[in-house]
Amino acid sequence: MAVRVIDFEKQDFTGVIAATVLYFLLQELFMCNQVFAKLAFSKNNDPSTFDRFDYSNRHWESADRSFGNFVEQTPYFVTMMWVFALFCGAESSAQGAYFYIAFRLLFPVFWAVGGKWNALIELSTQPCYAVLNYWKASLIYLVFTGNRLVDKLPPSTALFVLACIAIHVVLTLVTFVPGYGFFRVLKLGFPEAGSDYNAM
């Protein structure tokens, strides 16, 4: 079954373009936070004295992991946003992207609550993964049926959100089950670390 790009003349890419720019502005904000945190905790403001892997300073850990996590997610987010825009709908892609960006912004904010990693961070992380999983499910559905998944989901906003949560949970489990098997197989190559492993 052939999958074709939606007619460009029928789509408005303004939102996707704006979301792309906004996303990278947020990346620069996180980068500045990382740089200033590094300078703040370097001896005599000399970055060469700073051990970037020393997370005993929780502010530095937050700044570094916020930026690092952002960079790790960037190829996934940008690729899925644009592929979804081209094949499933640009306006819907932009809405998902704005939702994602809003929750991504909260990542370092939630980390700053109490000055350490806490469960609130999942309130930033999981909605972002939910958007990615919705896009992924939509593209898989399109490949196998030739139809848009959004047309099969409830039109009610509340029910649509519940459907997206269900998609997120299912795809997370689908990923984690083989992911754990993959971990177990690779673990066999490191027998010398056996006593250091938690029981898994």
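**Starting from one residue**

Modeller: Leaving out residues up to four places away in sequence, threonine 74 touches Tyr23, Phe24 and Gln27, where contact means heavy atoms within 4.5 Å. Keep in mind that this is a predicted model, in which local features need pLDDT of at least 70 and side-chain atom pairs count only at pLDDT 80 or more, while totals for chains, interfaces and linings use all residues. Residues are numbered from 1 along each chain as its sequence is written, and side-chain values use heavy atoms, with hydrogens and water left out.

Biologist: In which helix is threonine 74 found? And does threonine 74 count as buried or exposed?

Modeller: Threonine 74 is in helix H2, residues 58–87; helices are DSSP runs (H or I, at least four residues; strands are E, at least two), numbered from the N terminus. Burial is judged by relative accessible area: buried is under 20%, exposed over 50%, and partly exposed in between (1.4 Å probe, protein chains only). Threonine 74 has 10% relative accessibility, so it counts as buried.

Biologist: What does the side chain of threonine 74 reach?

Modeller: A polar contact is a pair of N or O atoms within 3.5 Å; within protein, one must be able to donate a hydrogen and the other to accept it, and residues adjacent in sequence count only if both atoms are side-chain atoms. Here the threonine 74 side chain reaches the backbone oxygen of phenylalanine 70, at 2.8 Å.

Biologist: Now the helix pairs. At what angle do H1 and H3 pack?

Modeller: Axes are lines fitted to C-alpha atoms, for helices over the stretch in contact, and angles run from 0 to 180 degrees between N-to-C directions. Helix H1 (residues 14–40) and helix H3 (residues 90–112) pack at about 15°, with their axes 8 Å apart. That makes H1 roughly parallel to H3, as angles under 35 degrees count as roughly parallel, over 145 as roughly antiparallel, 65 to 115 as roughly perpendicular and the rest as oblique. Residues making the contact include Leu22 and Leu26 of H1 and Ala97 and Ile101 of H3. By class, this contact has 16 nonpolar, 2 polar and 1 charged residues.

Biologist: How do H3 and H4 pack?

Modeller: H3 and helix H4 (residues 122–145) pack at about 160°, their axes 7 Å apart. H3 and H4 are therefore roughly antiparallel. Among the residues in contact are Gly96 and Phe103 of H3, and Val131 and Trp135 of H4.

Biologist: Finally, how many helices and strands are there in the protein?

Modeller: There are 5 helices and 0 strands, following the pattern α-α-α-α-α along the sequence. The C-alpha trace spans about 60 × 40 × 30 Å along its principal axes, and 34% of the 200 residues are buried. Of the contacts with a separation of 6 or more, 67% join residues 24 or more positions apart.

Technical notes: Nonpolar A, V, L, I, M, F, W, Y, C, P; charged D, E, K, R; others polar.
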